[in-house]
Amino acid sequence: MIEWYGRHGRDLPWRHTKDPYRIWVSEIILQQTRVVQGYEYYCRFIKRFPDVGTLAEASEDEVMKYWQGLGYYSRARNLYAAAKSIRMQGGFPVGYDEVRALKGVGDYTAAAICSFAYDMPYAVVDGNVYRVLSRWMGIEEPVDTAKGKKLFAALAGELLDRQRPALYNQAIMDFGALQCVPSSPDCMACPLADTCVAFRTGKAGVLPCKRHKTKVSARYFIYLYVHTECGYTFVRKREKEDIWQNLYEIPLLEGERTVGEEELFRLPEFAEMFGRTIPVRVRLVRKNERHVLSHRVIYADFYEVIVPDDAALPGYLRIRKDDLYKFPVSRLLSRFFSLLLKPD
């Protein structure tokens, strides 16, 4: 597998450094994010925050803005909090337990940082590793159970090349990402085919096994792009523990189903939001915009609401429309802004 990696391994910027900070940033970005998407984010992030001190001294809003579009925003919040902690400690931790104690760092990320930065013999176990080991060894124990995770962690540790832990870990992850892929793997061209149980038994398509299915729920949003004729709009930060925490949003109503335009005006929440301010004009811009998250599907309606120039919305910041780009928002809102606010 290491020989295979020498021919086919991906050339990635975080593989050309032993700096634990840069390796840490790359691993946090790659949690729940494919390399092809995370690559450009990593390059931009490191250019703006080249070291832990720069990151710790930035504002959270700026950090979130650089993360905008990556999703799973708790990663950015944890990264920022951990950077402040590292700066207070005087430098990046050098032991596994200390790295593992950083906010947002689990077993996999700690193993990756310690093996890649310090050549410590810790085996990484991510989705790619689960797939390679389960197929090669023919293991049908579900990977999403406590028993399965313990089993695969033990096997990964036994197979680890302790003289070359960084090289081995990179090799097995790339092998799973490029060769032993989730769907329709090219088993005939696989260098492990002669010893692979799944190939011999025809089970490559069903391994690894999972016991639990992700339950997906639906949420219904009504976004109101409220602005004045003289060029001001309104935003606020989402502070409750929910999706997109600490990102900014325009006025939002949430219900248990979609509603029509006439029904919108009868909603008590709509009247309460504007109080004595009478909207000059309301128009539907987008209907039933579908946005898929890991555990939720959001159906969003977008309305443009024009209000008098002296209007104010309690709880919202009044800002210039031209300054909207400065505020970190969800990908859903970013798409809407690019549609509505594109230059003439």
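Predicted model: local features only at pLDDT ≥ 70, side-chain atom pairs only at ≥ 80, totals over all residues.
**First stop: Glu-289**

Leaving aside neighbours within four places in sequence, Glu-289 is in contact with Ile-298, Tyr-299, Ala-300, Phe-302, Leu-332 and Arg-335. Now colour strand S5, which covers residues 281–292; Glu-289 is found in this strand. Is Glu-289 buried or exposed? Its relative accessibility is 17%, and Glu-289 therefore counts as buried, since the limit for that class is under 20%.

**Second stop: Ile-306**

Proceed to strand S6, residues 296–307, and select Ile-306 within it. This residue is buried as well, with a relative accessible area of 5%. Which residues does Ile-306 touch, if those up to four places away in sequence are not counted? They are His-227, Glu-229, Pro-279, Val-280 and Arg-281.

Next, select residues 107–118, which form helix H8, and residues 165–179, which form helix H11. The axes of these helices come within 8 Å and cross at roughly 130°. Because of this angle, H8 is classed as oblique to H11. The crossing in which H8 passes H11 is left-handed.

Show the side chains where the helices meet. On the H8 side, the contact is made by Tyr-108, Ser-115 and Phe-116. H11 contributes Pro-165, Ala-166, Asn-169, Gln-170 and Met-173. What kinds of residue make up the contact of H8 with H11? There are 5 nonpolar and 3 polar residues, and no charged ones.

**Last stop: the cysteines**

A disulfide is a covalent bond between the sulfur atoms of two cysteines. How many disulfides does the structure hold? The number is 0. The cut-off for a disulfide is a pair of sulfur atoms within 2.5 Å.

Cys-190 counts as buried, at 19% relative accessibility, whereas Cys-230 has a relative accessible area of 33% and is partly exposed.

Note on methods. Residues numbered from 1 in each chain as written. Heavy atoms only, no water. Buried < 20%, exposed > 50% of the residue type's maximum accessible area, 1.4 Å probe, protein only. Axes fitted to C-alpha atoms, helices over the stretch in contact; angles between N-to-C directions. Helix = DSSP H or I, 4+ residues; strand = E, 2+ residues; numbered from the N terminus. Parallel < 35°, antiparallel > 145°, perpendicular 65-115°, else oblique. Left-handed = near helix turned anticlockwise from the far one by under 90°. Contact = heavy atoms within 4.5 Å. Nonpolar A, V, L, I, M, F, W, Y, C, P; charged D, E, K, R; others polar.
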